[in-house]
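Reader: I would like to learn how to read a structure of this kind. Could you take me through it one feature after another?

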Amino acid sequence: MKKKSLAQQILGAPYILWSALFVIVPLVIVVYYAFTDAEGAFTLANVAKLREYKEVFMISIEYSFIATVICLLVSYPFAYLMSRKKGATQRIMMMLVMLPMWMNLLIRTYSWMNILEKNGLINNFLGLFGIEPLKMIGTPGAVIFGMIYNYIPYMILPIYTVMSKIDVSVLEAAEDLGSNSFSKLRRIILPMSMPGVISGFTMVFVPSVSTFYISQKLGGKIMLIGDAIEKQIQSLYNYNLGAALSLVLMVMILICMALMKKFAGDSNDGLIM
Amino acid sequence: MKKTLGNLFIALIYIILYAPLLVMVFFSFNEAKSTTVFTGFSLKWYAELFSSSDTMTALRNTLVLAVTSAVIATVIGTAAAVYMYKLRSRAWKASLDMVTNLPMMNPEIVTGVSMMLLFVFVGRLIGASNSLSFGTLLIAHVTFNLPYVILNVLPKLNQTDPHLAEAALDLGSTPMEAFFKVTLPSIMPGIVSGMIMAFTMSLDDFVISYYTTGSDFQTLPLKIFAMTKKTVKPDMYALSSVIFLTVLVLLLVVNISQIRQEKKDQGK
């Protein structure tokens, strides 16, 4: 028995060591950098400076929240329609949704820039009819669209997964008992798909709120949290302020996750009915 | 009527999803330097791409990194999954689960920055002027690949019948033999899909690489980022089209083998 547990320890040791060194320690280091200056002395200056970034944080949360909600509103009917198709069709449809994700995000976003920019494809097309070019790049709408476009598969996938598991006979039973479409949606489909909605919500919100490439290419001068971190770390080499910004972003997201989890737990209880 | 509307909606979503990809492929064949005005068909950007030593180096770097990090993550991750599967202590199991999920929940930029700060910190301690290199990039990639391997292998372990390994032990095989002859073959599909996933994640990663690589090691996504800082020529689109085609083939192979596996399972 003792021998077996030793073998087990040896199996787990590399991973435990690896995670401690490269997952846990880096987070401690972020905290360390956030509360020290360039010489390594303790300071609250970085934290105090965060006040200047209030606007940046508000905009990031606002844009990514709007993007997530629109993703949900589009994905929900899409996933529902998909789950009503034949098995083979569903499989192909899902593959077609995931396929663009395998194209690097940088290129997808750059390509949208080509479509939307001042001398871009849409404006060139409109120009054929003598329509003045529209300003799309550099607007909040373009950034939000970029977020929706790049992350919507993360919303469709979990919602579709839960919807495809809803037993058709439950819906038929509801129909037999006199439910109309609306009450079927409200009493069966919505509650049963809640876990998918919640995981989709976090899977879209987290990358949206922390992006920096999308805003750089589609947002013109619009600055999000990710841009602020990137600027501090990669161009100004102010690792301490960069760490403070990252710390706030991380804490914010962990709180969001915890809330979501609690919310998901409640709705799972509701599932038992 | 309702059905037509539904299908129209579906079609619209697919058009939007694929619009930038079509633009990319289309303009990769452009004769001119522009990525918005098409002047004529040409393959010259593809020719330029394959003769550019810069691009070929980046491609080789990307592949070396993806293969190495996927293999290391698969070995450590599979061992870890077996360990976690056998764990009895609930609290310890829960904390390990949390650590496994952490890199997936944390925004990529935070993971990248936190690892970079670790490397810079350690670099300063040992007095190295530039601590970021291929080594640090490899560590970062293994770290974000590990959860994908574990999360692919663990469910397979849960599906296996524990009595089989016990039977092997009863029949006189050593725990080592029991593992390699009984457990390992039954979790193989999970290990393979975990490894493929880790490989593609590493292939595609930009954000974490951006923070953890040194100036002497450039991967394709990093090269693309550098190229998109300036006005882009169609050669980048040609490059992306080639990558896309490769991924498409890889994905088809995985999907077809999955369908075959399912059919085999149904036949049982």
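Reader: How many helices and strands does chain B have?

Author: Helices (H or I, at least four residues) and strands (E, at least two) are DSSP runs, numbered from the N terminus. Chain B has 11 helices and zero strands, and its pattern along the sequence is α-α-α-α-α-α-α-α-α-α-α. This is a predicted model, in which local features need pLDDT of at least 70, side-chain atom pairs count only at pLDDT 80 or more, and totals for chains, interfaces and linings use all residues. Residues are numbered from 1 along each chain as its sequence is written, while chains are lettered from A and ligands numbered from 1 in the order in which they are written.

Reader: What is the radius of gyration of chain B, and what does the globule rule give?

Author: The radius of gyration is taken over C-alpha atoms, and the globule rule is 2.2 Å times the number of residues to the power 0.38. For the 268 residues of chain B the rule gives 18 Å, whereas the chain has 23 Å, so chain B is more spread out than a compact globule. Along the principal axes, the C-alpha atoms of chain B fill a box of roughly 75 × 70 × 35 Å.

Reader: What share of chain B counts as buried?

Author: A residue is buried if 20 or more other C-beta atoms lie within 10 Å of its own, exposed if 12 or fewer, and partly exposed in between, with C-beta atoms placed from the backbone. By that count, 37% of the 268 residues of chain B are buried. As for contacts, two residues are in contact if their C-beta atoms, placed from the backbone, lie within 7 Å. In chain B, 76% of the contacts with a separation of 6 or more are between residues 24 or more positions apart.

Reader: Where in chain B is confidence lowest, and where is it highest?

Author: pLDDT is the predictor's confidence in each residue, from 0 to 100. The lowest mean in chain B is 80, in helix H11 (residues 234-267), and the highest is 95, in helix H9 (residues 207-212). For chain B the mean pLDDT is 88, and 99% of its residues reach 70 or more. The model scores ipTM 0.86 and pTM 0.88.

Reader: Now the other chain. How many helices and strands are there in chain A?

Author: Chain A has 12 helices and zero strands. The C-alpha atoms of chain A fill a box of roughly 80 × 75 × 30 Å along the principal axes. Of its 273 residues, 39% count as buried.

Reader: Why does helix H8 of chain A lie largely in the open?

Author: Helix H8 (residues 168-176) of chain A has nine residues and the number buried is zero, so the helix lies largely in the open. After H8(A) comes Gly178(A), with a positive phi near 95°.

Reader: Which residue has a positive phi although it is not a glycine?

Author: Most residues other than glycine have a negative phi. Tyr237(A) has a positive phi of about 55°. Tyr237(A) sits in the loop between H11 and H12 of chain A and counts as exposed, with 10 C-beta neighbours inside 10 Å.

Reader: How many residues does each chain give to the contact between them?

Author: Chain A gives 57 residues and chain B gives 54 residues. On the side of chain A that touches chain B, H1(A) gives the most, with 17 residues. That side divides into 42 nonpolar, 13 polar and two charged residues. Here Ala, Val, Leu, Ile, Met, Phe, Trp, Tyr, Cys and Pro count as nonpolar, Asp, Glu, Lys and Arg as charged, and the others, Gly among them, as polar.

Reader: Which residues touch the most other members of the largest nonpolar core?

Author: In soluble globular proteins, nonpolar side chains tend to be buried together. A nonpolar core is a set of buried Ala, Val, Leu, Ile, Met, Phe, Trp, Tyr and Cys residues joined through C-beta atoms within 7 Å. The largest one has 126 residues, and Val30(A), Val204(A), Ala243(A), Val113(B) and Leu117(B) touch the most other members. Helix H7 (residues 140-164) of chain A supplies the largest share of this core, 14 residues. Leaving aside residues up to four places away in sequence, Val113(B) touches residues including Val30(A), Ala243(A) and Tyr211(B).
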